[in-house]
Amino acid sequence: MKKKMIAAAALAACAVQATAFANPVTSAAESVADSDWSVEARYFAPKLHAHVKSDSIDYNGGNVNVKDTLGIDDKKAPELILRYRRATLDWIHLKNTGNARLDGTLTVDNKTFDANSKVATDSKFDYMKLTIKNPLVKTPAASVNWSYGITGIHMSVKVAGDAMVHEGGQAAAYHQSASESGTVPVPMLGIGAQCPLGAGLEIYGNIEGLPLASYGHIYDFEAGLRYRPVDYLRVNLGYRKIDINVHHDDDEANYSLTGPFFGLAYDF
């Protein structure tokens, strides 16, 4: 909560500085990316929080806590960002694995894994976002922009383990696997701000997302510090949270990635 409050305060401070100037002239805070093209590679270290309940995924009649129930561990997520003028394409790929012994009955895609069964799980998350940024206010002290775009989200889970079958009064174990996946496109709107600090440093923050009314929400929040040691190279340190909450009838999915990142960008 403290990190979110600090980042929000930084974003608000940038916006206040920008709007305090009467003449919206071109400024050094317009963007750290002066060239047409840039590419950034990031090392994202998020903590995963995921709960799922649907007709095809069920655990003891309630939600499946992906980490606790299936023994999923936190993993680092490689991220690649391509920028061309006002357009940005952002791709995150996260693969988590886990092993667990079930405390209750797990059902995935109509296949049942009994209590006390050992299961191995593979979980994948792909997040691709295309964003177009548009300037709102530009001053020597700061700049504010708004954005629109679309995000594609793909999630999948595969569970494998032994199941028991009873025939002729005898119990026998056999190996089975089950999987579920889904892909959804979501339009996004956002706002962001940047403030130069001098000596090649810049603080920034942005939030993008879409409330889905009774169906939930999706938000992508990021704040950080950029440093340009030379004209063509940028170093980026920050904190990011992607929060997805979707529900329809009795189906529900809550998925979030929260953590720090480190990035290196090269301007062409």
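The conversation below takes up the labels one by one, beginning with the chain and ending with single residues.

Student: What should I keep in mind about the origin of these coordinates, and how many helices and strands does the protein chain have?

Tutor: This is a predicted model, and its protein chain has 2 helices and 15 strands. Of the 268 residues, 41% count as buried, while the chain exposes about 14000 Å², with carbon and sulfur atoms supplying 59% of that area. Among contacts between residues at least 6 apart in sequence, 64% join residues at least 24 apart.

Student: Why are E3 and E8 called edge strands?

Tutor: In the open sheet, 3 strands follow the order E3-E7-E8 with antiparallel pairing, and strand E3 (57–59) and strand E8 (111–113) each pair on one side only. Neighbouring strands of this sheet are turned by 15° against each other on average, direction ignored. Strand E7 (residues 106–108) is joined to E8 by 3 bridges, and Thr 107 stands opposite Thr 112 in E8.

Student: Is Thr 112 buried, partly exposed or exposed, and what makes it so?

Tutor: Thr 112 has a relative accessibility of 34%; because buried means under 20% and exposed means over 50%, the value falls in between, and Thr 112 counts as partly exposed. Leaving aside neighbours within four places in sequence, Thr 112 is in contact with Thr 105, Leu 106, Thr 107, Ala 163 and Gln 176. Its C-alpha atom is separated by 9.8 Å from that of Ile 57, a residue 55 places apart along the chain.

Student: Why is Arg 234 called buried, and which side chains does its own side chain contact?

Tutor: Arg 234, found in strand E14, has a relative accessible area of 4%, and since the limit for buried is under 20%, the label follows. Its side chain makes a polar contact with the side chain of Asp 267 at 2.8 Å and another with the side chain of Ser 38 at 3.5 Å; the cut-off for such a contact is within 3.5 Å.

Student: What makes the phi of Arg 85 and of Ala 199 worth a remark?

Tutor: Most residues other than glycine have a negative phi. Arg 85, however, has a positive phi near 55°, and Ala 199 has a positive phi of about 60°. Arg 85 is found in the loop between strand E5 (77–84) and strand E6 (87–101), whereas Ala 199 is found in the loop between strand E11 (170–198) and strand E12 (201–211).

Student: How do you know whether these two are buried or exposed?

Tutor: Exposed means over 50% relative accessible area; Arg 85 has 58% and Ala 199 has 71%, so both pass the threshold.

Student: Which residues touch the most other members in the largest nonpolar core?

Tutor: Of its 32 residues, Leu 106, Phe 125, Tyr 127 and Tyr 255 touch the most other members. Not counting residues up to four places away in sequence, Tyr 127 touches several residues, among them Trp 91, Ile 92, Ile 153, Met 188, Ile 218 and Ile 242.

Note on methods:
Residues are numbered from 1 along each chain as its sequence is written. This is a predicted model: local features need pLDDT of at least 70, side-chain atom pairs count only at pLDDT 80 or more; totals for chains, interfaces and linings use all residues. Side-chain values use heavy atoms; hydrogens and water are left out. Helices (H or I, at least four residues) and strands (E, at least two) are DSSP runs, numbered from the N terminus. Buried means under 20% relative accessible area, exposed over 50%, partly exposed in between (1.4 Å probe, protein chains only). Contact means heavy atoms within 4.5 Å. Accessible areas come from the Shrake-Rupley method with a 1.4 Å probe; for residues, only the protein chains shown count as cover. Two strands pair if DSSP finds at least two bridges between them. Axes are lines fitted to C-alpha atoms, for helices over the stretch in contact, and angles run from 0 to 180 degrees between N-to-C directions. A nonpolar core is a set of buried Ala, Val, Leu, Ile, Met, Phe, Trp, Tyr and Cys residues joined through side-chain atoms within 4.5 Å. A polar contact is a pair of N or O atoms within 3.5 Å; within protein, one must be able to donate a hydrogen and the other to accept it, and residues adjacent in sequence count only if both atoms are side-chain atoms.
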